[in-house]
Amino acid sequence: MANSSRQPPAISILLQSEGTSAQLGFDEYSLREELERAEYRRKLVEELHRKGAGEKMEFPVLMKMLGLDDKYDEYKSNTSSVFGQLAMDIPTVSSVVAAAGGRQERKAEFLEKHYIEGFKRILDMLSESPPHGLPQVHSSNLYMYTDCQSKPLDPTKLMPDLVFSPRPKFASDMYDVHIILEGKQAMSRASAYNNHLGQLADYALELKRLQPMRKFVPILFLFGGQLDLVTFVHDRYYWTEIGTILYVQESDRKMYHRMVCEALRDLWFILTLPVHEFGHFADSLVMPKYAQLDVAARPALLVPIRARGGYSFEVHRRIDRKVHITGRRTYLFHVSYEGNDAIFKMTWLPKNRLPEGAVYRVLEDGSVPNTPTVYASGVLVDDFCGYRLEYLVVEHCGKPIVDFLQATRSDWASEANVADTVTMCVQSVTQTLVAAFRSNVLHRDISAGNITVKGGRVYVIDWGCAKLTEKPSDEQAADMLSRWGFDSSNVVQKESEKDSFTGTPLYMSIQMLFSVRRRGIVNDIESLFYVIMDSLSERARGKDSEGALGFVFHSERNLAMVRIGILGDDQRYLENFGVKSIGSAALRDIVDSMRKFLFFEGESYIGGRLQGIYDRKMDVGVAKRFMNLETLSLLDAFQQTTYSSSSTSIEAAALKPRTMVTRSQRSPPAWRLPASVVAASFEGDFEQVNLSDSSGKSANPSRKRRKSPLASGGDNNNNDRPAAGLAANPPKLVARIAGKLSRVTSSGRAGASNPSAASGSMGKKNTKKPKGKKLR
């Protein structure tokens, strides 16, 4: 890895492509084709409320959060009577209706049409005849609006009522939108937000996605004569009452005149704020093609420019990346650095999380192989609402492993070449993970997109979710504090907690899917196993993948339970991951060895024990069949050190949090649950039987009917407690489910051959009892 302290004086960045939607193919579009718009917006609201419901914030407090409180106080003290005459001249909504020559339609149409028209009249008056005596606290003019009620904004399908932009004649797409206004029918503020928050969140997500220079998204929400400012930040939203802005009829003037004056005052302040002070950390709306990054400044500066400068970087295109309404946001640009392909990466993440640039410094100090070269790294925004904006300029590392294998599969001369390629991948990635672990780093997000191939070399990229397992050295801690403002004093304690920011669900280990509060090197290796399964599957080749139960995601808990069943089936586990055939004995040996290394201790299957805290003991004898000698020597040294001092595993030796011994840890029976039985358990309830040993004798003869956690997704709030039933009670449970399975299909493989049918029956009760003898 090159010295990451090397910092170029400045770089030039293309902020967006010459075209619009032709250059961007984000995941949200396919999602919207599949879901009804209302359902899509409902999911956005759910995601918002998982982080906490919206909070009310007074206007002065909002200005203080934005660092504008001094400017607002000065402005407010000099505008006490400026808007009085304008407030008297505002037309009423009734007069707007009369001027339109129509009668008052139904209330919904009346509110959504004529209130918006009345608001447009106010904006026209502010623009054409601005109030006299306003203090010159802003350098910008009033933003002009564009009516978008009849034409969607490119490259989206959204049609907000009004949009504001510094360049109104160019405000035909989302790239140039600064503020959005939406008007709705509502009898109260509560009903307005209950019915329309999803639409506002939809607008906010589009602006976040298409405008990476955003710190937050402001949306004006007009309901009746009331105006609110809704501010979407990183993990929540705030609503701020601007106040009454419109009179319904003439009799309202005297009663609401003062309120309207105050609302006009705050509205003028909002609509004249420079974009870099109100939602953007750079004026990208004014000059949107290029930007110059000055990394010599602390924090670094990103300044828009009209044309490419004489520096070493130019961005060719934006790389597709899904953006969420809350939490971490990442933007990627394909750039050129001194003739080499590179990636410019900007990431909003909580300020108390380990910076990715700092991780690369630790990896460099430890000489960890197969990681990209970092050319520049630092911070663009130190702290905004608890989030930091970090940047990286890093080596471009080629294609994801899944794409590489599938693109070259037709050119492979024999199955031996397939095995050689997979072996190279597995050995390189395990070598990187173990070497990183030796340097006290866990990757924690091994997925198909984070393992790449370029020039015959495998890379492990995207260390943004990584954590340290021990405190960094004094030199490393000082560098983290000076370069990123990150306090590393509690990094080890943070690792012992369940982290919702990490992992890609389809590639998470079983323990992580169960939200177990501790992870180690084996969890990352298990994620690698799923990446290999995905790379070899029919699913990756775009073919029929109905049998790939191991990659059907309903919920994290469901996927974990299904995999426990699949991985216990020697004969059909490959088929249930979508791998139809493996012609090479060498390739089969690799995947079988990984499976045995991860999920067996001797001849005992431990899948059921992974529902809680369980320290897996790594069999170096099995590992040598898919790891290289250097990796094996490191693993063996870890094992010797670990077991000479205690009976815990490598994960516990590194992390050492307090553990809670669960029931399955005391005497968990070794067993294997066929995938067909797991699929059949979707068909209804099962009987939970508490067993004292593996013979099937019940320590408690009383039986309790309960819904299968596989069907329901589980409702156990104790994340460390294994779900009884599938893991703890195999003999009678398998007999029970097998009886149900025989009624579903004569072949006994209903779930494997038709998972859609199985999943469609989730949660349905099946009260029929199997006929014939009870299976033993």
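Asparagine 523 is buried in this predicted model, with a relative accessibility of 2%. Helix H16 holds asparagine 523, and that helix runs from residue 521 to residue 536. The side chain of asparagine 523 makes a polar contact of 3.2 Å with the side chain of glutamine 511. The asparagine 523 side chain also reaches the backbone nitrogen of glycine 520, at 2.8 Å.

**The chain as a whole**

- The protein chain contains 27 helices and 24 strands.
- Of its 776 residues, 57% are buried.
- Taking contacts between residues at least 6 apart in sequence, 70% join residues at least 24 apart.

**Helices H16 and H18**

- H16, the helix that carries asparagine 523, packs with helix H18, which spans residues 585-599.
- The axes of H16 and H18 come within 10 Å of each other and cross at roughly 150 degrees.
- Because angles over 145 degrees count as roughly antiparallel, H16 is roughly antiparallel to H18.
- The crossing of the two helices, H16 and H18, is left-handed.
- On the H16 side, the contact is made by Val522, Ile525, Glu526, Leu528, Phe529, Tyr530, Ile532, Met533 and Leu536.
- On the H18 side, the partners are Leu587, Val591, Met594, Arg595, Phe597, Leu598 and Phe599.
- Sorted by class, the contact of H16 with H18 has 14 nonpolar residues, two charged residues and no polar ones.

**Helices H10 and H13**

- H10 covers residues 356-365, and its partner H13 covers residues 474-484.
- The axes of H10 and H13 are 10 Å apart, and the packing angle is about 150 degrees.
- H10 and H13 are therefore roughly antiparallel to each other.
- H10 passes H13 in a right-handed crossing, whereas the crossing of H16 and H18 is left-handed.
- H10 contributes Gly357, Ala358, Arg361, Val362 and Asp365 to the contact, and H13 contributes Gln476, Asp479, Met480, Arg483 and Trp484.
- By class, the contact of H10 with H13 has four nonpolar, two polar and four charged residues.

- Threonine 371 sits in the loop between helix H10 and strand E14, the latter being residues 374-384.
- The relative accessible area of threonine 371 is 5%, so the residue is buried.
- A polar atom of the threonine 371 side chain lies 3.4 Å from the backbone oxygen of valine 368.

**Backbone geometry in loops**

- Most residues other than glycine have a negative phi, and most peptide bonds are trans.
- Cysteine 385 has a positive phi, near 55 degrees, and is not a glycine.
- Cysteine 385 lies in the loop between E14 and strand E15, where E15 spans residues 387-395.
- With a relative accessibility of 28%, cysteine 385 counts as partly exposed.
- Arginine 444 also has a positive phi, about 75 degrees, although it is not a glycine.
- Arginine 444 counts as buried, at 3% relative accessibility.
- The peptide bond between aspartate 154 and proline 155 is cis, with omega at about -5 degrees.
- Proline 155 is placed in the loop between strand E3 (144-147) and strand E4 (162-165).

**Serine 94 in helix H6**

- Serine 94 belongs to helix H6, which consists of residues 93-99.
- The relative accessibility of serine 94 is 28%, so serine 94 counts as partly exposed.
- Leaving aside residues up to four places away in sequence, serine 94 touches Val248 and Gln249.
- Serine 94 and glycine 118 are 24 residues apart in sequence, and their C-alpha atoms are 9.4 Å apart in space.

How values were computed: Residues numbered from 1 in each chain as written. Predicted model: local features only at pLDDT ≥ 70, side-chain atom pairs only at ≥ 80, totals over all residues. Heavy atoms only, no water. Axes fitted to C-alpha atoms, helices over the stretch in contact; angles between N-to-C directions. Helix = DSSP H or I, 4+ residues; strand = E, 2+ residues; numbered from the N terminus. Parallel < 35°, antiparallel > 145°, perpendicular 65-115°, else oblique. Left-handed = near helix turned anticlockwise from the far one by under 90°. Contact = heavy atoms within 4.5 Å. Nonpolar A, V, L, I, M, F, W, Y, C, P; charged D, E, K, R; others polar. Buried < 20%, exposed > 50% of the residue type's maximum accessible area, 1.4 Å probe, protein only. Polar contact = N/O pair within 3.5 Å; in protein donor to acceptor, adjacent residues only side chain to side chain.
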